[in-house]
Amino acid sequence: MMVVYRHFLRRMTRDRGLMGQSAGFFALAVTVCVFAIGPDAVILSAVLPGLVWALQLLSALLGLSDMLEGEDLDDLLLARTSLPAAMCAKALAHLTATGLPIAVLAPLAVSLLVPGSAALLPCMWLGLALSAASFSAIGLLGAALTLGSRRNAALQALIILPLCVPPLIFGAGAASAAMLDQGWQAPMAFLAAIACASLTLCPFAAAWIIRMKVTSA
Amino acid sequence: MANTPVLSMNALTVTRGDTVLARNVTRDVPARALWLLTGPNGSGKTSFLRALAGLLQPASGAVARTDAHWLAAMPLGLSLETPRQYLTYQAALMGVPFALIADIFSIAPHLDTPLNRLSTGWRQRVKLSRLMLADRPLWLLDEPSDGLDADGEARLVQMIQTHLAHEGACVIATHDPHLWPRAETMAFGDAG
């Protein structure tokens, strides 16, 4: 399964440059927003967690529309390896390519912008990693549902955005609570539960949908 | 074992939308048999082959087959991946480590050249080399001779001959039936 994961990751990062694309989009969007908001640390500390999470979600949307492409699927359907396991590898590859670089770097940027927020780093790292995992798994489900439909990017966003709202709310909520020195454990626990559920259930659902769609085409 | 067919179809009907591509096909493909599917573009060769592979739900009837290799007609993309990485991935899907049973297409010198720097013919040779990753009795090949030069075609014919000699069987959808003049043929496009 490691080989399958590495193959997917290589296709996403080397062939399509997804890592640079999503990290670049994220960095650009945060910079532009911060310039627009202004340097006031009080306002920034109130706004930044929500902003970071919203932009992370939008950059996770990149690369979802062609996450599952043509012939790849025939091979996976006929493979000895299980299709849900391969789908899980696909979600993890997308997470590695788009979610993790942002999850690692964004908290560092926040701690530079808001003085005295270095203590929040572990909370933000954990929160961003967990919500990125949820976004990738839910995104996989959206990619499976819109497989074969033309101009599927908009449809896909429409399907997955409502499902991504809970991890968005709990993630940004945990970070905001930590900024205000309040307890962030409860929203973080909810976020962890969502990430576990989506990472384990979405691959099965995606595999089921793909098998049905391909064989009845 | 020698008498059980490698592939058998029972009243198999394959459709695409409302069009019937093949009606009520009942036949066995035994070991050592080569079966060609011919016909114009869009006549249903690929759909029929996909039904044999289990990638398309037939309208009615059933397919029973042993372990098979499936090779779609779609050429390998212009990826930065190398043939070694591609074949290692394919081997992992087959549940075996990467090792070619025989390097029929002489791809060894090109194993570490990215696919986007190989010509169409060489990418086709890399794709065909998937058949040499694991020993499976049935080969279902869609347009295997696409993009091959005369030498490549000769190697393909030789590879299939060797496979048949080892109790294998092969179903090929092709526009080059002249490569296998003695093979049995099913023609598509003449009203199913």
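The model is a predicted one.

Two packed helices are described by the angle between their axes and the distance between the axes. The crossing in which α5(A) passes α6(A) is right-handed. As for the residues of this contact, 20 are nonpolar, five are polar and one is charged.

Helix α5(A) also packs with helix α2 of chain A, which covers residues 18-37. Here the axes lie 9 Å apart, at an angle of about 25°. Angles under 35 degrees count as roughly parallel, so α2(A) and α5(A) are roughly parallel to each other. The crossing of α2(A) past α5(A) is right-handed. On the α2(A) side, the contact is made by residues including Leu18(A), Phe26(A) and Val34(A); on the α5(A) side, Ala97(A), Ile102(A) and Leu113(A) are among them. The residues of the contact between α2(A) and α5(A) comprise twelve nonpolar, two polar and no charged.

Turning to chain B, three strands form an open sheet in the order β2-β1-β4, with antiparallel pairing. Its edge strands are β2 (19-29) and β4 (60-65) of chain B, each of which pairs on one side only. Neighbouring strands of the sheet are turned against each other by 25° on average, direction ignored. Strand β1 of chain B (residues 7-16) pairs with β4(B) in the antiparallel sense over five bridges. Within β4(B), Val63(B) is the residue that stands opposite Met9(B). Helix α1 of chain B, made of residues 45-53, lies across β1, β2 and β4 of chain B and runs at about 135° to β1(B).

Finally, the two chains meet. Their contact takes 21 residues from chain A and 18 residues from chain B. On the side of chain B that touches chain A, helix α2 of chain B (residues 83-94) gives the most, with seven residues. That side of chain B divides into eleven nonpolar residues, six polar and one charged.

Note on methods
Residues are numbered from 1 along each chain as its sequence is written. Chains are lettered from A and ligands numbered from 1 in the order in which they are written. This is a predicted model: local features need pLDDT of at least 70, side-chain atom pairs count only at pLDDT 80 or more; totals for chains, interfaces and linings use all residues. A crossing is left-handed if the near helix is turned anticlockwise from the far one by less than a right angle, and right-handed if clockwise. Helices (H or I, at least four residues) and strands (E, at least two) are DSSP runs, numbered from the N terminus. Ala, Val, Leu, Ile, Met, Phe, Trp, Tyr, Cys and Pro count as nonpolar, Asp, Glu, Lys and Arg as charged, and the others, Gly among them, as polar. Two residues are in contact if their C-beta atoms, placed from the backbone, lie within 7 Å. Two strands pair if DSSP finds at least two bridges between them. Axes are lines fitted to C-alpha atoms, for helices over the stretch in contact, and angles run from 0 to 180 degrees between N-to-C directions. Angles under 35 degrees count as roughly parallel, over 145 as roughly antiparallel, 65 to 115 as roughly perpendicular and the rest as oblique.
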